[in-house]
Amino acid sequence: MEQCILQVVVDTPLDSSFDYRWQPADDTDLCPQVGQLVQLSFGRREVVGMVVGTTACSQVPAEKLKDVQAVRSQLPPLSSQWLALCRFAADYYQRPLGEVALPGLPKNLRTLTTVALDRGLKKLQQADDGHDATPADVPPLNAAQQCAADAIANAQGFAPTLLYGVTGSGKTEVYLQAAEKILAHNSGESNPAQILILVPEINLTPQLEGNIRARFPGVMVATLHSGLAEGERMRHWLAVHLGQARIVLGTRLAVLASIPHLRLIVIDEEHDPSYKQQEGLRYSARDLAVWRARQLNIPIVLGSATPSLESWHHAQTGRYRKLELRERAVKNAVLPAVKLVNMEHDKPIEGLTSSLISAVKLRLQRGEQSLLFLNRRGYAPVIACDACGWVSNCTRCTAFMVLHKPEHRLRCHHCSLEMRIPKSCPTCGNVDLQPLGRGTQRLEEGLQAMFPEARVLRIDADSTRRKGSAQAAFDSVHRGEVDILIGTQMVAKGHDFKNLTLVGILNPDTALFSHDYRASERLFAQLMQVAGRAGRAAQKDGGSVSEVLIQTRYPQHPLYSAVIAHDYDHFASALLAERQQAHLPPYIYQALLRAEATELETAIAFLQEAATCLEHGGITMNDPIPMTMTRVANVDRAQLLIECPSRPGLQAFLTDWIVILRTIKTRAKWSLEVDPVDI
C-alpha cells in the first residue's frame, strides 16, 4: 500500500491543518480515517492531533514532511457530523478548529500514552447496566404536562420548543416522559436513540441523575461535567461515543460530546448565563445545542420559568414553538405569596427585618424550613477604619479584599490573593477595624445567636469546596435535618425542597442600578427562581401559607411589582420594548474585543489600532474603554464593543478583521468574544 498524506489539526492558536505522512507497516495497515486521533511530533513537542482530511500529495517538501508516529486505532473515528459541529463553532466563535475539537475531548484521550484509553474501554466492557432493577413509579401528568410531553415526543425533524413553566410546574417530568417515549419508539433499531439533557451547574446533576437512573434502570446513563475525575469522565465519554449510554446528562461541555445517535436535546434552565463559557473558546452551549439540533434535524426543548429574552423573542416571532405550564404539578401546591419588606420603615437587625425574623420563628414553631438567600459569600465585603478611611483593597485588583472570619483571612474573590486580618489599620494604627456589609458567614453567625435552638446550614462556594460536600449538604436539607438554610445562587434553582415554606431574600437592590443592561433580566430570573423553592409540596391543613419576603429600600420599583405578580410575560415584553428602542440584543448582534496588559495604555493603544485597521460599512465600532473591573491580578483590562444589525454581516467582518488583528504587533494579550453576555 502506498503512503498517504494526513491533514491534521492540533490544539494550537495557528489557524490551519498540518500535513503529515503516513506509511503503512504492511499491506493490512489501512490509512487512518478522518476523525481518528494520531500521535505526532509538532515542533519540539509530541502531541495528539486529529485527522480532518487526507490527500495524495502535499505542498510541504518531502524532506520536511514528518511521519505520524501512532494511530489510536482502538477508538472508532469521530463522526463527520461531530467534526461539522466543531467547524461551525470554530468559524462562528473565530477560533482555530484544533482549539475547538481537541479540548472538546477528555484530557486522558489527549495524553501520549494509551493506558487510560485501554483501561476505560476495558471497564466499559465490564460495566453492569442494571437491567434487573425495577423502574420507579411514573407520576401522572396533568393536562398541560401531558400535552407538552406528547408534543415533544411526537415532534418530527428540527422542532425548537420553548417549554415555559412556572417553578414547580413539573418541567423535569415532561422531559423524562417525552424521553421515555422516544427511547421506547427507537428501541428496536440497530442504533438505539441517545438523548442529551443539559443543566447549567454541576450541583444540579446528582438529584436529576438519581431521578433518571430510577426511572430508566435498564438504560445506561452517562454524566459529563468538569467535576468528574479524569478517568471517570473518560469512561462516561467513551460510553456515549460508542453508543452504549443512551441518556447523557451534563453541563455546558457536554454539548461538544460525540453522541452518534442523538435524537433529542433538552436544555434545562436555558436562561442561565452559566451556559456561556467565559474562558478559551467562549461558546454558548445553548446556541450550539440549537445549531446541533438543526444539523441533525431533531427536536430540541429549552425549558425555563424565566426564559432568556432571546428565546422569548424567538417564541414571540414564531421561530420557536411555545408550550406553557402555568400551574404547579403537585396537587394543592400553589405559588408562594411574594411580599416586600420596606427596609426604610422596618430597620434590619443582623441583616434581618422584624418581619422576616417573625416569619422564621413561625416556621421553626411549625417544624417547617426557611431559606435565606444572600448572593454574597464571605463574612463581610470589606473591612474599614473609621479613623482614617482605609479600606481593605486588593493590591492586585480594583476590588475589595473580602473578610472570611472563620478562616481569619482577607481574600480577593477575583485573583485569590489572601492575607491575615490586620490587627490594626495599616495607615493610622487604629485597632478598631470594622466589617462593612454582610456576607453569608456573617448572616450565619447572626442567625445562630438569634435562634440558638435552630439547625442552621450555610451552602455556598466556601462551604462546599470538597468533592461531594455540596450533595451531602443538599441531602441533609431533604432529610429534614436543617431548619434554616442560608445560600447563594447555588440554592436558587433546580432543588425540590418539600418542607420549605419561607424564602427570605436579602440585599437584592444592588442589581437595580447596574451598568449592565442584562442586570434587571438576571435579577428578575434569580428572584423568581429562588422564590420558586418555597411551597413546592401540597399545602398541609393548618400549615403555613408559603411566602417570599424580599427586603428592599425600593419597594416601588416596577421589577418588584412583576415579581409579586409572578408576571414574567409582562416583564419580558416591557424589557424587549426597551431593548428594541435602545438597539440592544436580540435586535442587534455584538462582539467584544478584550485586551489586557501590565499597563492600561498598552491595552487601549492596541484596541485603538484595532478599531481603525479595517473599513467597516454597517458595523458600529464603539470607543475602547477600560473594563468595569479594570485591574485583575496586576493586569489592566480594556474592551472594544462591535455591533451590527445583521448576524451574517458581523460574521463577515469578524472573519476579515481577525486576520488583520493577528498581524498587529503588541504587548497586549487579546481575545475576541462573539455574543458576549458580560459587557
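Glu324 and Lys322 pair up through their side chains in a salt bridge, with N and O 3.3 Å apart; the term covers a side-chain nitrogen of Lys or Arg within 4 Å of a carboxyl oxygen of Asp or Glu. Glu324 is partly exposed at 31% relative accessibility, and Lys322 is likewise partly exposed, at 28% (buried is under 20% relative accessible area, exposed over 50%, partly exposed in between, with a 1.4 Å probe and protein chains only).

The model is a predicted one, where local features need pLDDT of at least 70 and side-chain atom pairs count only at pLDDT 80 or more, while totals for chains, interfaces and linings use all residues. Residues are numbered from 1 along each chain as its sequence is written, and side-chain values use heavy atoms, with hydrogens and water left out.

Across the whole structure, the search turns up 39 salt bridges. One of them joins Glu673 to Arg282, with the closest N and O atoms 3.7 Å apart. This pair bridges distant parts of the chain, 391 residues apart: Glu673 sits in strand E28 (residues 669-674), and Arg282 in the loop between strand E10 (262-268) and helix H8 (285-296). Helices (H or I, at least four residues) and strands (E, at least two) are DSSP runs, numbered from the N terminus. Both Glu673 and Arg282 are buried.

Glu310 and Arg518 make another salt bridge, at 3.2 Å between the closest N and O atoms. Here Glu310 belongs to helix H9 (residues 309-316), whereas Arg518 lies 208 residues apart from it, in the loop between strand E22 (500-505) and helix H13 (519-531). Glu310 is buried at 16% relative accessible area, and Arg518 is buried at 9%.
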